[in-house]
Amino acid sequence: MERTSETKPVTIVAIGAGNRTNKYLEYAIRNPDRLKLVGVAELNDIRRHAVASKFGLKPEECFADYERFFENPVPADAILIGTPENMHFEPCMKAIEAGYNVLLEKPIAQSLPECCRIAEAARRKGVIVGVCHVLRYHPYFIKIKEIVDSGQLGEIISISHLAAVGLDRTTHGFVRGMWRREEITNPMLISKCCHDIDFLLWLTEARCRKLSSFGSLRWFRAENAPKGSTPRCIDCPLEKECPYSAVDLYYNRRDWISNFDVPEGATLDEVILRQLRTGDYGRCVFRCDNDVVDHQIVSMEMENDVTISFSMDAFTLGDQRETHIRLTHGEIDGDERILRVRRFRGGEEQVYDFSGILGKPFHAGADLNLVEDFVDTISRREHRFRTSIGKSVESHRICFEAERSRLSGQTVILDQTR
Ligand SMILES: NC(=O)c1ccc[n+]([C@@H]2O[C@H](COP(=O)([O-])OP(=O)(O)OC[C@H]3O[C@@H](n4cnc5c(N)ncnc54)[C@H](O)[C@@H]3O)[C@@H](O)[C@H]2O)c1
């Protein structure tokens, strides 16, 4: 394929240099001829300096926050936005208005009108806004899509899909951490599962006609704190038996510690112990200021009459996705490890084993494939990013409408004229 800038790498500025941004920037490290980081805006000094030194950025290419960057912008083809979701809308709009293409972490923004405004601004300015729906780049989910699209099993009639968020991810992110309060980030369905809804729309290639949703914050509430428990796990006499212990998660098992920054001269042990003694992540799960749900279901009827039942669950040990697709001539059943494909008549059951890539870095390579697709979209005139901003807004619309249904107890009929 012809490239418009074959000899030059695509240039990008990172806004927010935390966990996700560093995953995507790995592509630039592995493919310096295709992607070059030319600036960074990051509040946290340790993270900003780490990225600056990894990519050899000059002081004038480094900014303490995105506002400083937009006051004095560095020329580039694109901006990668990896800030927390309450800081997506503003930098994204500024980037679009300044004529940058944008690779935007999900969710797009904190309300449906904001999502629509981003899509409209991108259309008006003629820039690309690619939303990081990584499932579309993951070998297991691509295989499901290929089988459905091949037509070998006929047409989809119904789908059951489960997003097992898992206990550790839930207590870390949605009880103690960044995504614990709707007003700070978003309702959990939007923060965590806009990916799943995007995947379901991708599979069915249809829009949703009607939906209803139920769910609540059932367990991680003050009234469920066991008698004798204390505000911090590190002091708690019940810690040794508690399945939600922060001491066990961070100190014993060393899980979910990648966003604990270790300043120069300090050790990881000291940082973890400081969190356990005084930080948000040392708090008892029954005594946090969390308000997002810990379980939610959504039922959908699509415009092609396909029905979908979707469940988002915290109370599981695993954190995999399970999907059962029932089609007119067979069924597909998978849990991210094994994918089984059965025809109702004729043919052997086909089994695909993905257990070898489960838990592999960069979402089994999906993060890097996504960046590559974005780079191709910028550098090759005829290449299209796998998801349009319009499609991403559609999956977000369903999440926001599901929230409306959950809070009102009503079925929501989606506007078919949209
Ligand atoms: N696509 C996925 O699979 C996936 C997975 C996890 C998280 N996410 C999304 O990625 C986004 C970032 O999540 P994360 O886990 O990387 O968070 P993070 O906290 O590790 O990184 C966010 C960074 O933004 C920086 N920041 C905050 N305000 C800023 C400002 N005004 N200017 C510049 N930098 C600022 C923070 O200091 C932090 O380093 C969120 O929207 C999250 O929902 C996506």
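1. In this predicted model, the shell around the ligand is drawn from two domains: domain 1 (10-131) and domain 2 (135-220 + 290-413) each supply at least three residues. In total, 26 residues surround the ligand, and the closest are Asn 19, Arg 20, Glu 42, Arg 47 and Glu 85.

2. As to the composition of this shell, 11 residues are nonpolar, 8 are polar and 7 are charged. Helix H1 (residues 19-30) contributes 3 residues, the largest share of the shell.

3. A polar backbone atom of Tyr 66 is 3.2 Å from a nitrogen atom of the ligand, and a polar backbone atom of Lys 106 is 3.1 Å from a ligand oxygen atom. From the side chain of His 195, a polar atom lies 3.3 Å from an oxygen atom of the ligand. On its own the ligand has 840 Å² of accessible area, of which the protein covers 89%.

4. A separate point concerns the sheet. Six strands form an open sheet with parallel pairing, in the order E3-E2-E1-E4-E5-E6. Strand E3 (62-63) and strand E6 (129-131) are the edge strands; each has a single partner strand, so one side of each is left without a neighbour in the sheet.

5. Within this sheet, strand E1 (residues 10-15) pairs with strand E2 (residues 35-41) in the parallel sense, over 6 bridges. In this pairing, Ile 15 stands opposite Ala 41 of E2.

Note on methods: Residues are numbered from 1 along each chain as its sequence is written. This is a predicted model: local features need pLDDT of at least 70, side-chain atom pairs count only at pLDDT 80 or more; totals for chains, interfaces and linings use all residues. Side-chain values use heavy atoms; hydrogens and water are left out. A residue is near a molecule or strand if one of its heavy atoms lies within 4 Å of it. A polar contact is a pair of N or O atoms within 3.5 Å; within protein, one must be able to donate a hydrogen and the other to accept it, and residues adjacent in sequence count only if both atoms are side-chain atoms. Accessible areas come from the Shrake-Rupley method with a 1.4 Å probe; for residues, only the protein chains shown count as cover. Helices (H or I, at least four residues) and strands (E, at least two) are DSSP runs, numbered from the N terminus. Ala, Val, Leu, Ile, Met, Phe, Trp, Tyr, Cys and Pro count as nonpolar, Asp, Glu, Lys and Arg as charged, and the others, Gly among them, as polar. Domain bounds come from an automatic or database domain assignment. Two strands pair if DSSP finds at least two bridges between them.
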